[in-house]
2 protein chains.
Amino acid sequence: MKNSQRSYWLGFDLGGTKLMATVFDRDFRIVASRRAKTKGAEGTAGVLERIQSTISEALGEAGLEPSCLAGIGVGCPGPLDLDRGVILHAPNLGWHNVPLKGTLEKKFKCPAVIANDVDAGTFGEYRFGAARGARCVLGVFPGTGIGGACIYEGKIIRGRTGSCMEIGHIRVQPEGRLCGCGQRGCLESVASRLAISAEAAAAVYRGEAPALRGLAGTDLAEIKSGTLAKAIKAGDLAIEIIVRNAARHLGSAVASVVNLLAPDVVVLGGGLVEALSDVLLGEVRTAVCGQAMKAFTKDIKIVAAELGDNATVMGAAALAAASEDAS
Amino acid sequence: MKNSQRSYWLGFDLGGTKLMATVFDRDFRIVASRRAKTKGAEGTAGVLERIQSTISEALGEAGLEPSCLAGIGVGCPGPLDLDRGVILHAPNLGWHNVPLKGTLEKKFKCPAVIANDVDAGTFGEYRFGAARGARCVLGVFPGTGIGGACIYEGKIIRGRTGSCMEIGHIRVQPEGRLCGCGQRGCLESVASRLAISAEAAAAVYRGEAPALRGLAGTDLAEIKSGTLAKAIKAGDLAIEIIVRNAARHLGSAVASVVNLLAPDVVVLGGGLVEALSDVLLGEVRTAVCGQAMKAFTKDIKIVAAELGDNATVMGAAALAAASEDAS
C-alpha cells in the first residue's frame, strides 16, 4: 500500500511563460515531471486550471493518487503574502490577490506553501545543489530583473509578509540609469539580462556587433542569453565588453552584500549565467575578492548554480517538507 | 541565601577609552555599575587586569560574590572569534589573539560570551530599548567608523567565525574618497563622525564656520559630536550642510540594506546620533522612504536608540543569558 502513504512531495514552478510540476519521493528523487505553457493572457481562472491539471498529469505519470502527496511547494513570481499563501500581484500573469495556497490545498487535500521563485531556487541549490549545506548562502539570479535570496542557517531570510533580498535594487550608480522601480542607478538597470540586451541592441545599431546583427538584429526580444554567448564566441568584442562591464557592476553589488552577510557560498544562476558562466563568474569573483573585506572573502565560494531548471521545483518541494517539519 | 544563587548576569563594555561593568538581576534590572579607563597603552596584561577588577568592583558594589553570577557577556571591538571567545585584533587596544572568554571564565568560574560591540548594542535595543521585540532590527551606529548589526528573529546575523553587517563598507560612491579599509567610496569614508569632523575642520580652515572655529578650531580631535551640534545651533550653516550631506549618504546606504533585509525597525545610535538626532533621523527617513522599495518602507520604523551608554552592557548580559538558554 506504499502508494497510499503520504510520502511524496510536489514541487511547482509557476513562471511567466511556463509551468513545471515535479513529483519527488521522500528522498527527493524525481519520480515524474510535467511542463505546460502558462498562457497568462488567458486569465487567472485558466492559469489556475492549468496549474492543477499539470500537477494531476505529473501525479498520473508517477502512477500516484493525490492522497499520496505529503505536501505541495510552489515557487511564484511576487510580491507574495507568504503566510496567507496569496500572490498579491504578478504583472506577467495579470494576477491580483490570488489565493494559490488555499486553491491547491482544497483541490489536492494536502498542505501547500508558496515561496518567491528566487528563494525557492536558492533553497534548492542549498539543499541539493551548488551550495549544499552551507551556513549562509547568497543566491543571485540575473534575468529580466536581478533576483536575490539568502538562506541563513537553513532558513530563508524573509520580510514580514513577503520575500526580501532585492539585490537588484541596490544602488550602484548614484545618478545612474532609470530603473523599472522608479529609482536611478539600481543594479538591475545596469546588470540585468534586459539591461545587457538593450545595450547590445544599441551596439548592433551602431554597427559594432556584426555577429549579433546576423543572429538577432536590433530586436531586443531576440537578444537572449544564448544569443549573446554565440555573438561573443563569434568575435563580437563590443558585446563581450558590455557583458563584462555589467558583470563588474554585479560583482560590486555582491561585494557590498558580502560585507553585510558574509555568506560562505554565493550561487549565481539563471539563463544568463548558464550561457556565459566563465565571463560572469570570473568578473564577479574578481570584483568581490577585490572589493569586499578580506575576512569575508578568505574562504568564500562563488559558484554557478548546478540544478538549472530543476532548482525551483526541488527547492519548493523541500520547503514544503521543511514547513511540515516546523509545524 | 539568595545571593549565593547563580541568578545575576554581568554585562561588560570593552571600549577603546573606557570600560563599563554592570550587574543585572534575573529580570535585567541594573543592580550596580562601575566604570574605569581602558588605558590600552599600558599593555594587554594591564587591561585584562583592569577588566577583572572593574567586574569585581561592580560585584562588590552589588554585595555579591562571583558565585552569584550566571554568566558574563562582553561587547568588544573586533574582529573576533566568537565561538572560541578570542579577540583576534583590536587596534585601539594593541591586542592580538587575546582569549578573553577563557580568561573571564577561569577568573569568575561562570560561562562567558563575547560579542561585537555593535551587535551587543543592537541586541540591547532589541531586548530592552527602541526596537523591543521586533522581528528584524537593523542597527546603525556612526562613530569613528560606521557599525551595523542585524537581529533577525531574535538572533544576531553573524559570519562563520565573527560578526558581519559591515554597513560602513557598502560602496556609495564608485570613485569616492579613500576609506580606511583600502577601498574607495565606502559609506564610512563619507558619513562617519570622523569623515564629518574632517570636512568640518576644512570648513573652519576656509573660514566658513565661525562658531565651530571658536569651539574647536581646526583640530580634528576637538571636533566631537556635541561640538558639531553646538556649532549648528550657533548658526554654522556650512556645518549643517556637511552633516545633512553625510546623513543623506547614510540614508542611501540604509535604503539598500532595507531592500535586502526588510527590517521592521532601523535603530540609529551612538554619540553623533544622540547629539544630532533631529537632523540625522530626518535625512535618513527621507532617503530611505524615497529610495527603498515601497513594500519595505510602508510600516518601517526609523528611530533613535534609547539606551545610550547602557545598550552594550544590557545587550551583552542578555546575550550571555540567551547563550545559556541555547546550551
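1. Buried area is the accessible area (1.4 Å probe) that two parts lose on being put together, summed over both. In this predicted model, chain B and chain A bury about 2,900 Å² between them. Carbon and sulfur atoms carry 56% of that area. Three residues stand out on the chain B side: B:Arg160, B:Arg171 and B:Leu260. Together they supply 21% of the area that chain B buries against chain A, more than any other three residues.

2. The contact count is 33 residues of chain B with 33 residues of chain A.

3. Chain B and chain A share 6 salt bridges. A:Glu153 forms a salt bridge with B:Lys155; their closest N and O atoms are 3.5 Å apart.

4. Which elements of chain B give two or more residues to the side that touches chain A? They are β11 (155–156), α8 (237–261) and α10 (277–291). The largest share comes from α8(B), with 6 residues. By residue class, the side of chain B that touches chain A divides into 15 nonpolar, 9 polar and 9 charged.

5. One residue of chain A deserves a separate look. A:Asn92 sits in the loop between β6 (86–90) and β7 (95–98) of chain A. Its relative accessibility is 63%, so A:Asn92 counts as exposed; the cut-off for exposed is over 50%. A:Asn92 and A:Ile167 are 75 residues apart in sequence. In space, their C-alpha atoms are 20 Å apart.

How values were computed: Residues numbered from 1 in each chain as written. Chains lettered and ligands numbered in written order. Predicted model: local features only at pLDDT ≥ 70, side-chain atom pairs only at ≥ 80, totals over all residues. Heavy atoms only, no water. Contact = heavy atoms within 4.5 Å. Salt bridge = Lys/Arg side-chain N within 4 Å of Asp/Glu carboxyl O. Helix = DSSP H or I, 4+ residues; strand = E, 2+ residues; numbered from the N terminus. Nonpolar A, V, L, I, M, F, W, Y, C, P; charged D, E, K, R; others polar. Buried < 20%, exposed > 50% of the residue type's maximum accessible area, 1.4 Å probe, protein only.
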